[in-house]
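Subject: Structure for you to look at

Hello,

Here is the structure that I said I would pass on. Please open it first; my notes follow below.

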Amino acid sequence: MNDFLYKNGDLYCEELRVADIAEKVGTPFYLYSENTFASHLKAVDEAFGDIEHLICFSVKANSNLAVLRMLASRGAGADVVSGGELYRALKAGVEPGKIVYAGLGKTSSEIEYALNEGILMFNVESSEELMLINEVAVRLGVEAPIALRVNPDIDPGTHPYIATGLKQSKFGIPLTEAMAEYEVAHNLPGLKPIGIHQHIGSQILDSGPFENSVKKVANLAGSLRELGMEIAYLNIGGGFGIQYTDEEAPAPEEFARAVVPLLSETGCTLLMEVGRMIAGNAGILVTSVLYNKQGEEKRFVVVDAAMNDLIRPSLYQAIHTIAPAVKRDEAEPVKVDVVGPICESGDFLGQDVELPEVEQGDLLAVFTAGAYGFTMSSNYNSRTRVPEILVSGSKAYVIRRRETYEDLIRGEAIPEDF
Ligand code: LLP
């Protein structure tokens, strides 16, 4: 399923040489493989083939319109967490009836927008949010389809910043309070409970936490139905872990084996909010070496990409494989920190990386950057955001152009009397 492979020492994306693309578009840039996206979507789809299901691609992982269109045209829905993500999903052609809306700070205008568009359902995170959705729905004269995001208090064993289903986390409604909240919702005129939602974390490398949490929440379905609620969906969220370096990531089938039997018993349609597993290994970040620099204790390779382009190493101590896009036989391996031009010591793409000797102008590929790469990028240090290029077979498309200095100041104003 990997479309980023070396042929005679040259890294290719599908049928195109990465170095050739770099020559055309300049560096740094994100490079995606359409085939990888599509085959990952298909793999998840097939793994869960024994049960009625819908894959809602988690837009926060990669929100480029072309990526969303490509996945939507292959049947995917979308998991959105803001009015902006909803706008993107709709612009890309995702069917409103396949969109679920999560996030614990929905505003009334975002709720109104989603209701007017006729999304599949809201994943509700608190009792005050429940009240607000009811209020907006009543005002619009509609019934809002909802699921409660239940917090099952499960440790997913991931980085603390991306564990979301523990009782000390800000997300969801405690399992112990869920029944009462559902009853409140059931009795409100603007709400229609149709599902149960959970999302316990991201980059989960073991199917156990999924199994345990689904065990905890699946029972709710029966109890809610007894109270007259038509619970038709069980949403297990996202979080399927992937391989970045040498970790062993379970195949989608392994996750499916752990939860499908439990889900089948509920008679619910399964919803999944998959981000990383579809997008992560479908993209790389390509950067050029600017300088080699010998510090007193460390050797640095200064590149033209930085933490503003890919923040995962700085923010989560995430490790991404970094390798030359064109391998030279004679190059000796050295241990270096791959750092960007930003004025912060936390600005690195890799620390103590084993890399063959590189020279100014050499291209480096930072792998597994298709999820939470571009979407978390920023203009820090007034750096223009990089282009996104999508390869399909032997064709390359610019699906987002490089920003210009003009883009950087768009929307700013100097008061007239300054
Ligand atoms: N559903 C909900 C409610 C979520 O909060 C998330 C991710 C997902 C689905 C998708 O999870 P995935 O399948 O991609 O694991 N920026 C971090 C990851 C943050 C994840 C936030 N929520 C990173 O770069 O590792």
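A residue is called buried when its relative accessible area is under 20%, exposed when it is over 50%, and partly exposed in between (1.4 Å probe, protein chains only). This is a predicted model, so local features are given only at a pLDDT of at least 70 and side-chain atom pairs only at pLDDT 80 or more, while totals for chains, interfaces and linings use all residues. Residues are numbered from 1 along each chain as its sequence is written, and side-chain values use heavy atoms, with hydrogens and water left out.

Salt bridges

Side chains of opposite charge can pair when their charged atoms come close. A salt bridge here is a side-chain nitrogen of Lys or Arg within 4 Å of a carboxyl oxygen of Asp or Glu. The structure has 21 of these salt bridges.

One of them joins Asp10 to Arg17, with 2.5 Å between the closest N and O atoms. Asp10 is buried, at 15% relative accessibility, whereas Arg17 is partly exposed at 24%.

Another salt bridge pairs Arg74 with Glu34, at 3.6 Å between the closest N and O atoms. Arg74 sits in the loop between helix 3 (65-72) and strand 6 (77-80), and Glu34 belongs to helix 2 (residues 34-47), 40 residues away. Helices (H or I, at least four residues) and strands (E, at least two) are DSSP runs, numbered from the N terminus. Arg74 is partly exposed, at 41% relative accessibility.

Lys298 and Asp352 also form a salt bridge, at 3.4 Å from N to O. Lys298 is in the loop between strand 14 (283-294) and strand 15 (299-303) and Asp352 is in strand 18 (residues 348-356), so this pair ties together parts 54 residues apart in sequence. Both residues are partly exposed, Lys298 at 27% and Asp352 at 43%.

For Arg312 the corresponding distance to an oxygen atom of the ligand is 2.6 Å, and an N or O atom in the side chain of Tyr372 lies 2.6 Å from a ligand oxygen. Taken alone, the ligand exposes 580 Å², of which the protein buries 92% (accessible areas by the Shrake-Rupley method with a 1.4 Å probe; for residues, only the protein chains shown count as cover).

Regards

Key. Polar contact = N/O pair within 3.5 Å; in protein donor to acceptor, adjacent residues only side chain to side chain.
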